[in-house]
Amino acid sequence: MSTYDVAVIGSGPGGYVAAIRCAQLGLKTAIIEKYSTLGGTCLNVGCIPSKALLDSSHHFHDAITHFEEHGIEIPGEVKLNLEKMMERKSSVVSQTCDGVKFLMDKNKIDVIEGVGSFKDKTHINIEKDGETKTIEAKKTIIATGSKPANLPFIELDKERVITSTEALTLKEVPKHMIVIGGGVIGLELGQVYRRLGAEVTVVEFLDRIIPTMDSALSKELQKVLKKQGVKFHTSTKVKSVERKGDEIIIKADDKKDKEIELKGDYCLVSVGRRPYTDGLNADAAGVELDDKGRVKVNDHLQTNVENIYAIGDVVRGAMLAHKAEEEGTMVAELIAGQKPHIDYNLIPNVVYTWPEVASVGKTEEQLKEEGVKYKEGKFPMRALGRSRASGDIDGLIKILADEKTDEVLGVHMIGARTADLIAEAVTAMEFRASAEDISRMSHAHPTYAEAVKEAALAATENRPLHI
């Protein structure tokens, strides 16, 4: 029987980063993955393939709608080759997964393929093709991630009534895709198929899309997506989803409790994700789960069993790949006797639509609820020379700062490349910068980042320079 200092169950961003950091710290490490490719949901059926399709569909949409104004004329009709687009997406996924395998080899981490389940708190059974092998691990990190959630009355046939997984491999562009759920995944994939020619309708139970983010971002993103042709039904409760042949019929109650009926040829169910512990046999190790199926952990991500830890989507908190990575690093360092720390308030959140949406820290709604007195500074992207040069004039930057101390409490962005710009806000807030600190930093001209400086000026002394 092989014995390891650490065994990691699951090879997503949390799991493989935890394994790498353990190996870097001199711990003999194994990673257990039930699929033949490493990388988990993020690399295989999540972040990476969806971004590949977002970029490809963005190019296609620009070729149809914006190239001419840039003086680029394409003779004849711009045609979509969906099969080629999907092939490119698969190639990107394959290269990225191969990269993770390279990192496992480089760091001398044993990769064991099969379904890992606890025999007891220090032994793990790994089953593959009807055969079982057992390893011993002094410490175990559970990193089994999440799966798409569903509503109890919806039958997912994975052909016409689909999850994000199937939406990444469609063989045709839908005529009318109805998206149930106005969160990140539904909006990203909805925009992909809208750009490719589908009619897209989003149905959201709450009163706004991306409801966990600042309301200013929700309002602006919905306005922009409407301009792009996406239809919305907010404050709308889906009651039934029925398939008749190739037609999907959805019945729902709108904000006035009036029944509406929507018909399409595809329905994307995007109502969040659920922690995935199926087959883990957590009971055998004595590991406790909470009422939502998540693994219970303390502030050090340690379960009730002292030698077993859990990270990522399978524990409390935002289901984000980068949050899982930080947790994987933290647990590895804790096991090695170090004293790492994560500030969960400074884990950024991003929606990769175009314009992109990004935020970090407290929303205005949270500050009001907590009774914190704050100042607000806003700056529209359309006032930037860089935005006008690229044609990306939608969006804004919003900075919230403490009324007395001027410390930045939250930064909320929608616009071109805000997924990258948000790192500036995270850095500033990690060092507890004031809005004035940001406003006095030199930002290169012309860049989208100048909007951050201008919003900071607006928050500090209400004196933006360019509006």
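A: Helix H3 (47–65) and helix H6 (184–195) each supply at least two residues of the lining of the second largest pocket. Helices here are DSSP runs of H or I with at least four residues, numbered from the N terminus. This is a predicted model, in which local features need pLDDT of at least 70, side-chain atom pairs count only at pLDDT 80 or more, and totals for chains, interfaces and linings use all residues. Residues are numbered from 1 along each chain as its sequence is written, and side-chain values use heavy atoms, with hydrogens and water left out.

Of the two helices, H3 gives the most to the lining, with 5 residues. The volume of the second largest pocket is about 630 Å³. Its lining counts 24 residues, and those closest to the pocket centre are His58, Asp62, His66, Trp354 and Asp392. A pocket is an open set of points on a 1 Å grid over the protein atoms alone where a 1.4 Å probe fits, with protein on both sides within 12 Å along at least five of seven lines; lining residues have an atom within 4 Å of a point. Points are joined across faces, edges and corners, and the volume is the space filled by probe spheres set on them.

By class, the lining holds 10 polar, 8 charged and 6 nonpolar residues. Nonpolar here means Ala, Val, Leu, Ile, Met, Phe, Trp, Tyr, Cys and Pro, charged means Asp, Glu, Lys and Arg, and the others, Gly among them, are polar.
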